[in-house]
Amino acid sequence: MDIILNPFVSILTVLYGILGQNMVLAIVVFTIIVRLLMFPLTAQQMKSSKAMQQLQPELKKMQEKYKGDREKLAQEQMKLYREYGFNPLSGCLPLVVQFPIFIALYQAIIHALAATPTQLLDLSGRLLIPGLDQFIPLNNMFLGLNLTLPPKIGAGGTVETVVGIALVALVVATTWLQFKLTTPTAAPAAGANGKPAPGAGMTQSMGTIMPLMYGFFALSFSIGISIYFIVSNIAGILQAVMMGRANFRNLFSRPKPPGLATTAGTKIEGKATPIPSKAKSGSGSSGKDKSK
Amino acid sequence: MKSTFAKRAALVAALMLTLLLFTGCVGGPSEVSWGSLSLYGSPQTILFAFGDRIVMIDPLDGNPIQLRDSSGAARVDDTGNPRLWEITSPAGAATKFFTAPIPLDDDTLLVVSYDRGIFEVDVPSARINNPTGYAVNGLVTGYSLMADELLYVPLSSNSMTARTVNGFGEAWRLTTRQSNWAQPLLVEDTLYLSSLDHSLYAMNPESGEVLWEAALGGAMTSSPVYADGYLYVGTFGRKLLKLDPQNNGQIVASYDTHDWVWGSPALVDGTLYFGDVSGWLYAVTDDGDTFTPVWEPVQVATRAIIATPVVTDQSIIVGSRDHNLFWVNRDTGAVEITRQMQGEVLGNLLLIQPSEENDLSRDLVVVSTMNAAEFVVAYSADNGERVWVYSR
């Protein structure tokens, strides 16, 4: 991890020096830079997610058709993927690459802020560029708040409480917004029994749990990390919008009871959705669903 | 239904795993620090502050001191076992003691905690008189200094507070641009504070008025050393500096180091001994406007040396984060003895010499580690022989 972490800590410190020794600005700019560098991977992941979504009805049909024959099912799935030019690993690989980088980014902020003697001691070995000593320790105050500490809601003064609540609320709101905008519209009912697709329930759960979980992180971790969460979420939303993959319809859609789940307004009654239009997964739709 | 529940449970578990990955290997702000050792009382005992507790140890054998009543009989607890001299934080493990206790009077110690203020400890009963603590409005990582009825407490919250010993009300407060982790130093009528904000402050100890502030180009985590009218301090600017306090802290001499200097230098017989956070050890003499090395710097350790070295007639003894304790020849800089320990050596070292206050027959160097199996270890200062270990 140090191979990624130490350059990150060094770059963050350089940005801190360039940006008038303002840690918040450094976190904002650094998060945006990392997001931009990861853009090709994010785009690939979004594209793959969209394509997978479009293949879902066909895959569901296959699962039912070859219920007792796993081998045949796998063969047919691969055939379908080939037919549509879709690589199932293309969605996972960007995630695998991105995950350690985002963990390193998160840890770089923790290490650079160095709240405790041990963390400050560790920092000495992480600065790879000569001359950065002059900035150590980084100024960790922002609007009268200590960036290394969790928000003091109720325990601090009025300003601290208000800013603390606002930060947590922003983390929850931007996480929810990003999730909603970047998640394809819930899959329609697929089985003959009219139950919603299993993935849809899971997606709904994640849409509720993730913002709450990040809100909990924001309450527990340092304020610097909350700023990172907010900037990262906003950058993710902007990326999705710029790529034309922001699913604004999701913002206002509500879960529907079994048998009534729809895609693009089509009523589904215990019937699989028709096969998606062939191999056009690369084009952005801004919420327009092609599986009609 | 069961299947849905299982899937959601799996989802929560996956998210929790993500949380663990996110937070892995990163400590929180209240992370435990290294232990502090200090000598106390007559006959002499060792006070060891670590985490949320303070224990009293016999320097002769490393055993915890038993509590005794006025007649000298051992006190026992409800189960009939001897009661040991041990203080635990009233707020539980959440509170940390980063610094050594300070004697207030014959029977009272002051303990400044990381985030719960100041506690008064009744020594004969090993009890805290004020379990809620006297608030200091800040986090305390650095050692406090008591002098002339005032307690000077350096705070991580970008300030230093001076408290009256009677009631601990605030007499004055100095605001700095960064945390303060170094113990203030009082020389005659001037109080000095080296700060992480790269400045050394000289103050009126009674009013807190800043007499001068010297920007030294690097953060400081340790107190300056005063000798013959000059101050010596190590900085994160990779320098040991000699300052003239009569001339607003002007830099008189400077010596370049390989890495940050964390601890105060030891000044013995005109030579300054100190280490840096890359494990280099230095010995320099003050030649007016320059420092001259006694021998070329030696990288004795592979990791940080942060505590002030202990200096004996023949050796410089230093502990390192690489788990080792080194005896280095004062004249040549050669490492003569190495003792490997189970934990990182980051806390201060104590040199205890035989005296009327103890029953020791030889000089002991006492060191603490971050490992509970070797919390405190005593070695013969002369030959490195291990004498005793205090563990939990």
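Before anything else, I wrote down that helices (H or I, at least four residues) and strands (E, at least two) are DSSP runs, numbered from the N terminus. I also noted that this is a predicted model, where local features need pLDDT of at least 70, side-chain atom pairs count only at pLDDT 80 or more, and totals for chains, interfaces and linings use all residues. Residues are numbered from 1 along each chain as its sequence is written, chains are lettered from A and ligands numbered from 1 in the order in which they are written, and side-chain values use heavy atoms, with hydrogens and water left out.

**Entry 1: chain A and its helix H1**

I looked just past H1(A) and found Gly20(A) with a positive phi of about 65 degrees.

Which residues of H1(A) are buried? Buried means under 20% relative accessible area, exposed means over 50%, and partly exposed is in between (1.4 Å probe, protein chains only). My list for H1(A) is Leu5(A), Asn6(A), Phe8(A), Val9(A), Ser10(A), Leu12(A), Thr13(A), Leu15(A) and Tyr16(A). I jotted a reminder that an α-helix has 3.6 residues a turn, so residues three or four places apart point the same way.

For chain A as a whole, I noted ten helices and four strands. Along the sequence they follow the pattern α-α-α-α-α-α-β-β-α-α-α-α-β-β. Of the 292 residues in chain A, 50% are buried.

**Entry 2: a nonpolar patch on chain A**

I found Ile153(A), Ile165(A) and Leu219(A) forming a nonpolar surface patch with about 240 Å² of accessible area together. Patches are made of residues with over 30% relative accessible area and no salt bridge; like charges are joined within 9 Å, and nonpolar side chains (Val, Leu, Ile, Met, Phe, Trp, Tyr) within 5 Å. The areas come from the Shrake-Rupley method with a 1.4 Å probe, and for residues only the protein chains shown count as cover. I picked out Ile165(A), which sits in helix H7 (residues 158-182) of chain A. Its relative accessible area is 44%, so Ile165(A) counts as partly exposed.

**Entry 3: a negative patch on chain B**

Over on chain B, Asp148(B), Glu149(B), Glu188(B), Asp189(B) and Glu206(B) form a negative surface patch. Lys and Arg count as positive and Asp and Glu as negative, while His and the chain ends are not counted. The place of a charge is taken as NZ of Lys, CZ of Arg, CG of Asp or CD of Glu.

I looked up two members. Asp189(B) is in the loop between strand S13 (185-187) and strand S14 (190-194) of chain B, and it is exposed at 62% relative accessible area. Glu149(B) is in the loop between strand S9 (145-147) and strand S10 (150-155) of chain B, and it is exposed too, at 60%. Glu149(B) also has a positive phi of about 65 degrees, although it is not a glycine.

**Entry 4: salt bridges**

How many salt bridges does the structure hold over all chains? I wrote down 21, where a salt bridge is a side-chain nitrogen of Lys or Arg within 4 Å of a carboxyl oxygen of Asp or Glu.

One of them joins Arg177(B) and Glu213(B), with the closest N and O atoms 2.9 Å apart. Arg177(B) lies in the loop between strand S12 (170-175) and S13 of chain B and Glu213(B) in strand S16 (residues 210-215) of chain B, so the pair ties together parts 36 residues apart in sequence. Arg177(B) is partly exposed at 47%, and Glu213(B) is partly exposed at 39%.

I also checked Arg173(B) and Glu170(B), whose closest N and O atoms are 2.8 Å apart in their salt bridge.

**Entry 5: cis peptide bonds**

Pro137(A) is in the loop between helix H6 (117-123) and strand S1 (141-142) of chain A. In chain B, Ser42(B) and Pro43(B) are joined by a cis peptide bond with omega about 0 degrees.
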